[in-house]
Amino acid sequence: MQWFVERWQWIVGVWDATPGFLQVTAQVVAVMLSVVLAVALLTLAERKVIGWMQLRLGPNRVTFFGLRIFRGIAQPFADVIKLLLKEIIVPDRSSRFLFLLAPLIVLVPALATWAVMPFSPEFVLADIDAGLLYVLALTSLGIYGIILAGWASNSKYAFLGAMRSAAQMVAYEIAMGFALVGVLMAARSLNLGEIVRMQDGGVAHWNWLWLFPLFVVYFVSGLAETNRAPFDVAEGESEIVAGYHVEYSGAAFATLFALPEYANMILISALTAVLFLGGWLSPFQGLLPEGAWLAQGGFYWLFLKTCLFLFIFLWVRATFPRYRYDQIMRLGWKVLIPVTLVWIAVEGALAWLGVGPWAR
């Protein structure tokens, strides 16, 4: 035990002596690798959870070194190797530069948004005051990559899928933006860490209670933004083959479709937890003695809340059939946006009366 303590003290000493820019670089690399690994594990969890809901086994063949105890766990890593080894085919009459650039335009914002995520009271890569604005700006950039992917492919199916996806994302981004305005009104800050601290005091102080309609709108819009079922008409295979990424293969397909989609699922789940469920704050705060470890805030609470929303993502996919395109657009423009506008007006009245979060 003494040996481990000494080694840990040595590691802490080396870290403290490391220049600041190297510390930041190491933290960025650690967060990015964690997101990529979480994406791989989420693909496995999706197959296992949906298989469990449909009375199937899910992946149960690929193992690590033939060990039966790990049956199925190695499946996402086998998928990565397969995609990396497959040939990237660029259509003859496509715009080659834009065709290869589009996946990066989709991928980079999906990873860069994590820079302002407050993982715990002590750890955030960039604790900027305009964090909420930064998130809104970066999550809107992915649409350009999707449009470019459809146009540069020189395929009618891909272009039609890109247009459908773009129209859908614009509609639901407006609803998400108005939901974030409601959070801003309640927290009176654009800093994500401050938004979490504003919810301090227990479950009754979290934003989900006073902003419940915006909470529901934000998460439903997140489902549509990530093109997840039942909003996955962008890749409606019965109508337009596979949507905007129909001409992509190998690593380009993984970069354009698989990695950003699942990374955005994790991001939307984490943001929902931060904005409406208190982020790293404990649900037992105020119910247990202040010194109890369950009442202490920490990264593990954010992790558990994120996992809860990811489970709902998978549950929705296994439950609801795909909506028609006109139903999706009607929901976005005629239901969700009006709901957010009405609730913002209600928030204004509550703020004027000094009720709820505005009483503090």
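1. Buried here means under 20% relative accessible area, exposed means over 50%, and partly exposed is in between (1.4 Å probe, protein chains only). Keep in mind that this is a predicted model: local features need pLDDT of at least 70, side-chain atom pairs count only at pLDDT 80 or more, and totals for chains, interfaces and linings use all residues. Residues are numbered from 1 along each chain as its sequence is written, and side-chain values use heavy atoms, with hydrogens and water left out.

2. On to salt bridges, meaning a side-chain nitrogen of Lys or Arg within 4 Å of a carboxyl oxygen of Asp or Glu. The count by that rule is eight. One of them pairs R47 with D79, with 2.8 Å between the closest N and O atoms. R47 sits in helix 2 (residues 20-53) and D79 in helix 3 (residues 75-85), so this pair links distant parts of the chain, 32 residues apart; helices are DSSP runs (H or I, at least four residues), numbered from the N terminus. R47 is partly exposed at 36%, while D79 is buried at 16%.

3. R228 and E261 also form a salt bridge, at 2.9 Å from N to O. R228 is in the loop between helix 10 (212-225) and helix 11 (237-240) and E261 is in helix 12 (residues 250-276), so the bridge ties together parts 33 residues apart in sequence. R228 is buried at 2% relative accessibility, and E261 is buried at 10%. Through shared partners, salt bridges join E46, R228, E261 and R317 into one network.

How values were computed
Helices (H or I, at least four residues) and strands (E, at least two) are DSSP runs, numbered from the N terminus.
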